[in-house]
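The structure is shown first, and the points follow by topic.

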Amino acid sequence: METQASLESRIAALAETTEDEVRNVFATYGLPLVSTPARPRALRLQRLRVAGLRTGAVAPGSFDSTIRFNDGVTALVASNLRGKTSVLELVTWCLRGAPRELQTGVRHWLSFLDLDAVVAGQPLGFRLDLEDGEIVSALVLAGPNVDRLADTRLPIPKDGIVPLLRASRSASFTEQVQALMMDRLDLQPLVNSVKGTSTQTHGWPAYYGALYLPAGGDKVLLGDQSIAGLPGRLLQVFLDLPATAALARVKTAQDLRATEERSKWAAADTFAQSVREQREHAQTRLSEARARLTALSSAAGPKASLPELAARSVVLANGVADKQERWEELMAAHRQARTARQRDAKLLNDVSESAVARRLFHGLNPTACPRCDKDIEEERRQRERSAHACAVCDRPVEAGDDETPEDVITEAKERLAASGEAEKAARDALEEAEAALGKLTEELTSVQGQLRAAESAAQLPALVAAREDMLRWEGALSVLPEAALTAVRQESSTVKILKYGAKVLEEDSRTSGSTLFAALNQEITELGHRFGIVSLEAVEIDRAGRLKVIKDGTSQDWFSKQSAGERLRLRIAVVIALLRVGAAHGVSTHPGLVLIDSPKAEEVQDLDALTLLKELAAVAEENALQIVVTTADPVLAHEVLPEHSIVEATDGRPLW
């Protein structure tokens with residue numbers, strides 16, 4: 001918890017916010033605030049079985065071959081075009097989820113493909129059934145040990161052999177295997193932003209490029225892709241630098257949010273500029289309309305105050321409209337009050353004449369059906385009074401006792417008096433409104449008469465047009481903001497937190513990595529010497545995965561400028577140096593499996609190839625590595641390696 005609290009507090013201090021806000025932002029983007037050491041990532045091959053039907057001129061017919069891999073170096077020896085590289089691609093198909101460059105013809109030969117491997121301490125069995133070069137059924141089994149897995153292609157739950165995934169097509173197998181390997185090897189997706197508007201995610205295939213080394217002609221130091229800074233990202237992951245994956249995700253989130261804010265600012269600028277231009281245009285047109293109206297009004301003579309008369313006419317017209325609306329409201333209220341008074345008068349008459357009416361008066365006098373809201377017809381009310389049938393349900397109403405008719409009649413009179421007063425008040429208000437409306441109408445008529453008298457027939461259209469223009473542009477200005485100011489360019493708290501979060505994580509990573517990078521440079525230099533680069537004096541590798549090579553004390557150049565053979569040897573040196581430095585400092589780094597295809601073909605002469613293979617064997621034994629290397633030179637393999645470490649095809653036949 002101390003590391004977490006310290007990280008939060010440092011970010012909060014730089015961003016000038018609270019630790020709770022830092023936690024909220026990181027949680028919103030699914031970003032971790034705790035860096036945990038990676039689990040062990042060891043990956044070891046045990047057995048490859050491949051079966052099918054070969055066509056063509058070389059050894060046609062059915063085949064069912066098994067290749068076993070030893071600890072240390074395993075050499076696959078065969079003539080060119082006899083299946084050496086295909087073995088690496090078949091291993092890749094199982095472990096990576098898809099091969100990199102497996103020939104189409106070879107794919108169509110295959111019926112069954114099995115691989116047994118130990119992934120982070122867990123024995124796994126990959127079982128692929130194929131038709132026409134595609135997967136039709138695939139399983140990945142987990143078992144108690146690799147020997148037991150070798151005996152089956154199906155789950156045996158009672159023996160602890162259970163399926164981890166199933167697939168019925170190639171795409172599904174690829175997706176599931178990549179997710180499985182990321183999980184078992186405790187690897188996080190490598191995420192980067194693309195032009196600040198979207199994200200790009202690199203998963204297991206990017207990591208696998210650091211196991212299956214590209215050819216010497218490739219200029220990428222680590223992995224098989226140079227985009228998005230992947231070599232540097234892989235380097236940092238395999239050195240297990242703190243928060244490497246989290247740092248990339250924080251930077252990506254910051255890029256996306258900052259780009260989003262910049263887009264909003266740009267939109268605000270565009271809007272503000274548009275409003276300013278519209279206001280300037282409207283103001284110009286309003287000034288022109290006012291000047292034109294003034295000129296026309298002056299031409300009509302000094303007594304003809306047209307702008308004042310027009311403005312007064314507009315005010316009076318609006319007032320008349322308001323008074324008319326108010327009069328209509330009061331007229332409706334007066335009618336309603338009169339109807340209520342008439343109803344109360346009728347009710348007084350009814351209760352005065354009928355005991356049943358008096359009885360109903362105290363109970364219910366509805367105007368509509370209480371269920372459907374339909375108005376009660378007058379005919380039903382008449383029947384209620386004459387035939388004593390309820391106006392709502394039509395059932396008979398008994399007269400019953402009528403001991404206090406005076407109280408009912410008195411109450412009915414009081415109601416009538418109240419409704420009479422309400423009617424009088426409504427009538428008074430209506431008469432007052434009528435008087436005000438009449439007065440305002442007379443005044444409007446007078447002003448309009450003056451306006452007509454003041455305007456000559458020739459000037460009238462021009463005056464009306466000028467007045468309309470003025471009103472239109474005044475209206476346009478009224479709806480446009482008076483000052484469309486550019487918004488203050490200030491980063492949001494979220495962007496600040498992400499920015500300073502990236503800064504803190506990067507400082508932590510740089511601090512912890514300084515010792516590791518120094519050790520890495522030393523190991524790469526030593527291994528380069530052992531692999532036959534005699535002029536190598538030093539190397540300098542940076543966090544971006546770039547390697548500066550120093551030869552003969554003065555010559556300095558980048559990795560990409562070296563020869564193909566030197567690039568291959570330096571690439572191998574980097575991978576092995578990662579493992580050695582990781583082991584020395586107690587951090588989980590590279591999985592410890594290296595696949596190398598035909599190093600002698602990459603401008604490595606016989607003597608250099610012999611030196612390289614000897615040192616690979618020695619380094620593999622020293623550091624508990626598993627290296628699978630292919631070669632077409634059986635003499636080279638037998639001179640360096642014991643027989644149990646060589647898988648060799650005989651007499652020009654295929655390796656499998």
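## Helices on the sheet

Helix H6 lies across E1, E4, E5, E6 and E7 and runs at about 140° to E7. Helices (H or I, at least four residues) and strands (E, at least two) are DSSP runs, numbered from the N terminus. Angles run from 0 to 180 degrees between N-to-C directions, with axes as lines fitted to C-alpha atoms, for helices over the stretch in contact. The model is predicted: local features need pLDDT of at least 70, side-chain atom pairs count only at pLDDT 80 or more, and totals for chains, interfaces and linings use all residues. Residues are numbered from 1 along each chain as its sequence is written, and side-chain values use heavy atoms, with hydrogens and water left out.

**The sheet**

- Six strands form an open sheet in the order E2-E1-E4-E5-E6-E7, with antiparallel pairing; two strands pair if DSSP finds at least two bridges between them.
- Its edge strands are E2 (61–68) and E7, each of which pairs on one side only.
- From one strand to the next, the twist averages 10°.
- E1 (residues 43–54) and E4 (residues 110–119) run antiparallel and are joined by 9 bridges, and Val50 stands opposite Leu113 in E4.
- Between E5 (residues 122–131) and E6 (residues 134–142), also antiparallel, there are 8 bridges; Leu128 has Ala138 of E6 as its bridge partner.
- E5 and E6 form a hairpin with 2 residues between them, and Asp132 in the turn has a positive phi of about 55°.
- E6 is joined to E7 (residues 162–167) by 5 bridges, again antiparallel, and Val140 is partnered by Leu165 in E7.

**H3 and its packing**

- H3 packs on the sheet, touching E1, E2, E4, E5 and E6, and its direction makes about 70° with that of E4; contact means heavy atoms within 4.5 Å.
- H3 and H6 (residues 170–184) pack at an angle of about 75°, with their axes 8 Å apart.
- That angle makes H3 roughly perpendicular to H6, a class that covers 65 to 115 degrees, with under 35 roughly parallel, over 145 roughly antiparallel and the rest oblique.
- Trp93, Cys94, Leu95 and Arg96 of H3 meet Phe173, Val177, Gln178 and Met181 of H6.
- These contact residues divide into 6 nonpolar, 1 polar and 1 charged; Ala, Val, Leu, Ile, Met, Phe, Trp, Tyr, Cys and Pro count as nonpolar, Asp, Glu, Lys and Arg as charged, and the others, Gly among them, as polar.

**The largest pocket**

- The largest pocket has a volume of about 770 Å³; a pocket is an open set of points on a 1 Å grid over the protein atoms alone, with protein on both sides within 12 Å along at least five of seven lines.
- A volume is the space filled by probe spheres set on the points, which are joined across faces, edges and corners.
- The pocket is lined by 33 residues, with Lys84, Thr85, Ser86, Gln103 and Asp597 nearest its centre; lining residues have an atom within 4 Å of a point.
- H3 (84–96) and H4 (104–109) are the elements that give two or more residues to this lining, and H3 gives the most, with 4 residues.
- By class, the pocket lining has 16 nonpolar, 8 polar and 9 charged residues.

**The cavity**

- There is 1 cavity of 30 Å³ or more, a cavity being a set of points where a 1.4 Å probe fits but cannot get out.
- The largest cavity holds about 80 Å³ of space.
- Its lining has 11 residues, of which Pro599, Ala609, Leu613, Val629 and Leu636 are closest to the centre.
- H17 (606–623) and E14 (626–631) each supply at least two residues of the cavity lining, and H17 gives the most, with 4 residues.
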